[in-house]
Structures are given as structure tokens and as C-alpha cells.
Amino acid sequence: MASAPEHGWAIAQRIEEMSKEALQIGQGSLYPALQRLEQKGWLDSNWQTTDQNRRAKYYRLTATGRRALSTETDSWRRYVSTVELILGTP
Amino acid sequence: MNLNREGFVDLIRGWLKRFRSLLGPTNADRDMTDEMAFHLQMEVEKNLREGMSPAEARRTARLAFGGVERFKEEVRADRGIGWINAIGQDLRHTVRGIRRSPGFAAVAILTLALGIGAASTIFSVVDAVVIAPMPFEDPDRLVSIEEVNPEGSDFSASDPNYLDFRDRNQSLVSLAAFRLDRLSLTGAGEPRLVRAGAVTHSLFPTLGVGPALGRSFRPDEDQPGAPAKVVVLSFDLWQRAFGGDSAVVGRTIQLKGQEFLVIGVMPAGFRFLNAEAWLPLAPNPSADRDDHWLSMIGRLRPGATAERAQADLVRIATQNGVTYPASKGWSVRVQSLAEWAVSANVRQSALLLFAAVVVLLLMACTNVTNLLLARATARRTELSVRMALGAGQGRLIRQLLTESVVLGGLGALAGLIGVAWALGIIRGLPAGLVPRLDTVVLNGRVLGFATLAALLASLGAGVLPALQASKADVHSTLKQGGRSGSSFGQHRLREGLVIAQVALAVILLVGGGLMIRSLTRLTQVDPGFRTEYAWTVPLQLPTTQYREEWQVARFYNAVAGRIGLIPGVRSAGSINVTPFSGTNFVNDVTPEERAAEHPSAGYLQAGWRIVSPGYFESAGVQLLKGRDFGDGDIAEGVGVAMISKTLATRLWPGQDPIGKRLFWGGTDGKPRTVIGVVGDIRDVALEAEPAPVLFLTTRQIAWPEMTMVVRTDRAVPNLEDQIRRAVWAEDANLPVPTIRAMAATRAQAIAAPRFTAAILAGFAAAALLLAVVGLYGVLSFAVVERTREIGVRIALGAEPAAVVSMLVGRGLVLTGIGIGIGLIGAIGLTRLMQSLLYQTAGTDPITFVGAALVLIVVALMAGFAPASRAARVDPITALRSE
């Protein structure tokens, strides 16, 4: 989604792939999360037709969302490295 | 937050989406459904591609997704401004629910309407009478001041005492004096009597109210001996008699036969003692200190309290007691104007009614709670299904509470219609029944109260059922196949509520019963005269035309003679105090032989009346001893007096009073000879013990303001017209006398307790009805729930009679417990109303036993119908039904 608009199912597939199925949460829980991001103005959505000519709702990262993504990624990385420091990982 | 323009646009877009989803919740919902359906479709297709069978593909897709409805619910909760949305949804559910069971809704709404309506009506009375501030500036700083005689009763002030208080006090900014008078107003349409206040010029500044038109009195207009002939009109009189013409200021009008210059008109909302006009009052420093006739009102200095003013004025009264023998032993009482205007009795009645109506509201709540509980039990299956489908517990509670708040809101609306209707009736009640009652309105405070009452009542009624219902165990309910039975705990809860209702009903019944007992005793009080076939005709002669005593005497003689000629009239006599009008004249009375011991203060104080010969016969007062006044008792002859039985025993215990002599007022004049003793009368207050009364005769003292008492031996058609014509035949300029049946006057004298008793009785009846409905509901429900069990019992050979007695017995046990609790509560609560009761103990056993019996009978009736239904249960159908 960071690169191009995607619909919910595709996003769910990507998460499953990227996490190598380590995340075993119901796919349905994606939708409340998407809606919350949209309400924050981080995502924008519209209905489009898919390659197979089906109507689907596509989500796109907004400028604010992009900025938020980098901020959140930064802070997550800082958090992880701090935890690693404390745990004394080699 | 640090936002650039683009970021701002994104945020706004996010918000717009929320609002759009608020406006069109169904659109957003359809989008969500479509989106999730698309997701599942894609997942199924992916699974199919991986080689699963169609059924397995669908199953796996669902498992991967998780509970569709749960996520939908979560999205909904987050969508838009979640709670507003949820409320909208709850409201839709509620409306649907009400439409589905209109009977339940009607009963609940009517019950709440009764409770909220009654409570708001009484609240508006309490508001008008007790809470609303008086229409004066800073009314909290105003105090009423009365003198207190050596026996400790409140008394009016005398002219010189008032002047001393006014000039020597250190705690008041100003002190005004006033008294009420009735004056005839002539020359503006029909002659009429107006209530006029004679007031010192300081009254209006003390109250802090100025005229709307013209000016009020100047200090030079109330100089001793020469009050200016000026008058200030009330707004109402100005409208009624002068058509609201502002040119009336500066004109002269005829009052008590004299010319008065109109100098001003008071504003519309200004009311003080219901006076219609005000004249200057000029207190005379050399008047008799014993001549008490003024009322006083003062404004406290900044920082001063009523207690300090009291101490300050008592100091002056004590100094006067040393200086002047006539003031010996006299004191003074200072109280806030609000306390004086609304007596403790009225205040207490209002608060008693309010307490009673709160109990009634509680009962209404309990009833609705019971209804909701029964309904929740019936809806258990529905609720369980919704929980199983993902409705959160909080969500269910919220929905159930929304339902009860909607019921409460509708109840409040219906109740307020009732309030508007009831206030119309209350405003139409005879004036003077309860002070300020005619000002009662449906104002913002009343609306606020109704809203609050509705909210508290509906939440109070709804919270228990909502908690109970939301605790429903999904598994067991659904497993039972939705069999509608209630848990043990729920059953207990409902029974507890019925007990509470019975207890509250007992309290209201006892309260109402006590007031009715007290009222019955009041109506049976013997006033000492016969009120049937007797009419009172108050008359007032202008002192300008009737300057001499013989003129006054001649007029009343002539009128009595003319009235006596009307066919059907047996006799007509006159007295200077209209019975039950609240007027009273009191003075010192001293037996001749004790005059030396009591040189100026007098032996005792007794009421005094001036009556014409034949008055006792007209009024039906019993002559016990001696003779009535006669035409031979003339001013030039021996001064004569008659006394009441109580006065006779107080003055000469155990002796024959006839022929004894007494002093009326000071002991320096001539003593009067007692010629007769009459029975005791109660013509001021029915509830008080008869006061000692002294009677003088019109043949020796003429009084310009007398009330004719006319006795007939049958109902006489057009009597009032004939009496009026008789009066006008003597003097066509006299104001139209208000002729009233004495029985009506007497009934009016106890109108206030009658009003309280009627309302309390109404509440008690409503409470009884609610208790019956509650008992009936619980027992009927128990029968429905236990149909199976009863069927088994009957199948095993239980007699129908045994089934009936089992159920009725249960009802009686609940009632019994409720009665017990209620009686204990009533003992505690009715102590508070003791001062409102006449010769009735707050623990009157007959009332208590009566209340208990009424409830037992009611419980039997309420229990019998469901019980006999149970006895007719057919075991086969009962066992098959579930």
C-alpha cells in the first residue's frame, strides 16, 4: 500500500506473506484497523474495479499517512533497538 | 499537532467521512458488508485454486477471517462518532420493540406518566409556594416583626411602640408599618369594596419596589394626625376600575366617601397582602400603647441577622416595659418575611405532599422495573442470540437502558400534559387557600424537575433489569431451547420489588388515612353556632356619611328590620367579626374585684365582639344562663356584657357570673355587668380550643363595619337579591355585599387541610392501584412460569383448591412482609406530620390497622385471578407445552 493503492484482501495476503504466517490473527480484524487509519486521515479509500472486473474498496496512503509511517517506523526501530540494548543481544 | 496544508486536508477528509457515515449509516454499513463479502470471495477463490473442495474452501475462508459479525460490530462502534450512532441504533430498536408490544409500552408509559406527572405537579406547587423568591428586592434581607404579649402570643404593634422600634433600633435600615382595611370605592362604576393597605411612606422603599406610573408616598405625607389624601393603585385595580388609563394619575377618586388624589400605580407583578390600593398611614406617637393594630416589616442592615435584630428590638421592648406600665411583660418576635408569609404549616403541608409524591414516583418506578424484568425474561432468547452473534455486554445494557429512557421520556411527555391540566385546576382554587398558590406555573424549574425525574425514574427502573438480562448465560438459555423460565435470583428480585411496593403503599395509605381522619374530626368540630340555613352579609359604612354612632345604629336596625320582612327569614342579627374570616379582636378583661391587683395590664386577654340583640338567635349560639341583650340596654343605661362559657370559668371558676362586673380594656373606666352566658364559639380557627370571648351590644357601642347573619327556616329562592335590595333600600351607595352561606364559609375555613387530605387520598389510591398491578403481575408471571410444575402437581393428585391456596398464600406472605415494613416506616414518617393533624395521633391504631386490612384484601383480590387460572391448568397440555 505504501507504493500503490490496494484492497483489503490483498493487504491481508501481503501481511501474511511478509510475516511468513507468524501473525495468526483473524483477517477480519484488518477492517476495524483500516477504518481507524482512515479516520485519522492516514488512508484514503475509494471503490474501483479489480482486474477480474469486481468492485472492491481500494486504500491509498495519504501524504499525512506517509509521514506518519516514517515517524512510526522510526520510533518502532528506536524502541526495538532500545529493547535489544537492554536485553544485551549480541 | 504539526500540520501542513496537505495534512490538514487529509484530516478534514477523515472527519468528513465520519460525518457522512453518521448521516447515512445504512450506506456505510452496506459498503462494509460488500467489502467483507469481497474479501471472503477472494479468499474462497484462493482456496479453490489451492485445490480444496468448495465446502472446505468456504469453511477455511471463514476461519481465516474470524467472526464476521463481531468485526462488523467493531467497525460500527468505531465508525463515525460511535456512541451517537449506537444511540440511533438503540432508538430504532426501541421503537421497533415498542411497536411489537404496545400493551407493555402503554402500561409502562402510563405508570411513569402518573408518577412523573404527579411529582411535577406537586413540585410546581412547592416551587410557587416555598421556593420562588418574593417579588421584592433582596427578599432575604426583609423581616417581619410582631409584638409578643405577656402570654407569649404574637400581636400587632401599637403606634408609639412602632415609632420607638423605628427610631431606636440599631439593626435595621428601615422599618415600615401597615395595616389592611376594606374601603368602599365609589364614582368608578358600581360601588365596590377594595382591599386597601394603609402604609407608612417607608413601606415601598423598604420592599425595594417603585411605582410603574407616577410616584409613591413622600415622607411629609404620613405626618401624625394628618395623613395626606393621596392613593397609590395596584396594577389590577387600575386595569379593572380605570381601564388602564394613565391619565388617572393626578385625578381624584372617592374612597370611603372622601376625595383622594391618585399619585401612582404599582407595577403588574407587585403583590403585597393582596391589597388593591395603598393610602398613607400616619402613626400617632400619643396613641394608646395598648392599642395594637399595626404590622411591621423591616429591612436588615448589611451584616445584621434576624437574630441580632431580635435581640436589638427585645432590648427596646424591655426598656419600654420599665418605662410604661402598659408595656410590661411585652416582647417582640423577628422572623424572615418568607417564614411569615408562608406559615410553617403551609410549608410543612407542601413538603409532606412532596415527600408523598416522591414515594408514589418510587412505586411507579418499581412497577416499571417489574414490567421490564418480566419482559427481559420473555426476551431472554432474543438477547442470548444477539450476544452469541457478538453483541457486547455493555452494548446490551446500553440498549436496554435506552429502552427504559425512551419509555421515561414518553412518560414525562404524557405526565407534563397532565401537569398543565392539573395546574389549571389548582389556579382555579379559591384565593387565599394557600398563599401564592395562584402564581403556580409550568416554568423552567418545573420542566427541569420533570426531565430529571424522568431520567432518574427510567434509569432507576431500568438498571436492574438491564444488568440481569445482560448476565444471561448464553449457553444454558440456548440449550434450553429458549424455554422461558426465570432464575431463582430473578424471582427473588421481583418478589422483593413487590414487597417494597406494598411497603410504600402502606406508608401512603397511612399518611392519607391520617389526614382524612383528622379532616373528619375537623368537619365534626362544633363551632358553637348552627351553620345550616344561615347567611353572612358583610357591610361597611363610610365614616363620612355615618359620622355619629346613632346614624350607624339606625342603619343596621333598619336593614335588619327590612331583611326580617323577607318571606322565609326567621331572624337577622349583626356582629363585628365575620365568622371564619380570620379577623379577631382581643382586649384585656378584668373582674371588678381583681382590678386593684391588675391596675393596667389586665387580668386576662379575651376576644371581644359587638353583637345586636337577636344575633345569638340568628347565629344559633346557645344561651346557657341569664338573658340576651335587649332594646332596653341603652347607651345611657347600665353597661352590660355577655360572656362565653370558657370566659365565665376563667374569670369566676365555680361561681355564678350573672350580676358580676368586669372591666373591658383599662380598669379606669366604668365596669360592665354580666347579664348572660352563652356557649363557646370557634369563629376564628376551628382547630383551636375555644377562646374566651366577651360580647358587647350594638345598643351601647356602634361599629361601622358589621356582618349581618340571616337565618331562614327553609331554602329561600333569590334570597341574595332580596337581601341586596333590602340593603340598597337604606343606602344605594353601599358596595355590593358578598353574601355567602355560612356552611360554605365554614367549609372554606378548613379548605387547606381538605386540599392536603384530598391530594394525599388521591396518592394513596394511586399507590393502591400500583400495588395491585405489581402483585397481580408477579403472581400471574409466577403462574405462567410454573405451569409445568403445577401441571405435575395436579397430575399427581393435588386438589385445585390446594393450588389456589398455595399461590394466594404466596401473595399474602409477600404482602404481609411488605405491610410489616411499611407500618414500621409509617411510624417513623408520620411523626413528621403530627403538627398537621387535628386530634389524631400520628400512630392512630385505627388508621394503621385499616391500611393493613385494605392491603390484605387487595392482595387477596390480586392473587385470586392468577391462582384460579393455575387451578384450571390441564396437566396434559401443561406438560406438553414445553
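1. What share of the contacts in chain B with a separation of 6 or more is accounted for by residues 24 or more positions apart? In this predicted model, the share that such residues account for is 83%. Chain B has 882 residues, of which 42% count as buried, and its secondary structure comprises 27 helices and 23 strands.

2. The crossing in which α12(B) passes α23(B) is left-handed.

3. On the α12(B) side of this pairing, the residues that meet α23(B) include B:Leu353, B:Val357, B:Leu360, B:Met363 and B:Leu371, along with B:Asn367 and B:Asn370. Among the residues that α23(B) brings to the contact are B:Ile759, B:Phe763, B:Leu770, B:Val773 and B:Phe781, as well as the glycines B:Gly774 and B:Gly777. Divided by class, the residues of the contact of α12(B) with α23(B) are 17 nonpolar and 7 polar, with no charged residue.

4. The contact of α6(B) with α14(B) has 16 nonpolar and 8 polar residues, and no charged ones.

5. Helix α25(B), residues 800-830, has 31 residues and reaches 43 Å from its first C-alpha to its last, which is close to the 45 Å expected at 1.5 Å a residue. The buried residues of α25(B) include the glycines B:Gly811, B:Gly818 and B:Gly822, together with B:Val803, B:Leu807, B:Val808, B:Leu814 and B:Ile819. The threonines B:Thr815 and B:Thr830 are also among the buried residues of this helix, as is B:Ala826.

6. Turning to the interface, the contact between the chains takes 21 residues from chain A and 24 residues from chain B. On the side of chain A that touches chain B, the elements that give two or more residues are α1 (8-18), α2 (30-39), β3 (55-61) and α3 (63-87) of chain A, and the largest share, 6 residues, comes from α2(A). By class, this side of chain A has 5 nonpolar, 10 polar and 6 charged residues.

Methods:
Residues are numbered from 1 along each chain as its sequence is written. Chains are lettered from A and ligands numbered from 1 in the order in which they are written. This is a predicted model: local features need pLDDT of at least 70, side-chain atom pairs count only at pLDDT 80 or more; totals for chains, interfaces and linings use all residues. Helices (H or I, at least four residues) and strands (E, at least two) are DSSP runs, numbered from the N terminus. The expected span of a helix is 1.5 Å times one less than its number of residues. A residue is buried if 20 or more other C-beta atoms lie within 10 Å of its own, exposed if 12 or fewer, and partly exposed in between; C-beta atoms are placed from the backbone. Two residues are in contact if their C-beta atoms, placed from the backbone, lie within 7 Å. Ala, Val, Leu, Ile, Met, Phe, Trp, Tyr, Cys and Pro count as nonpolar, Asp, Glu, Lys and Arg as charged, and the others, Gly among them, as polar. A crossing is left-handed if the near helix is turned anticlockwise from the far one by less than a right angle, and right-handed if clockwise.
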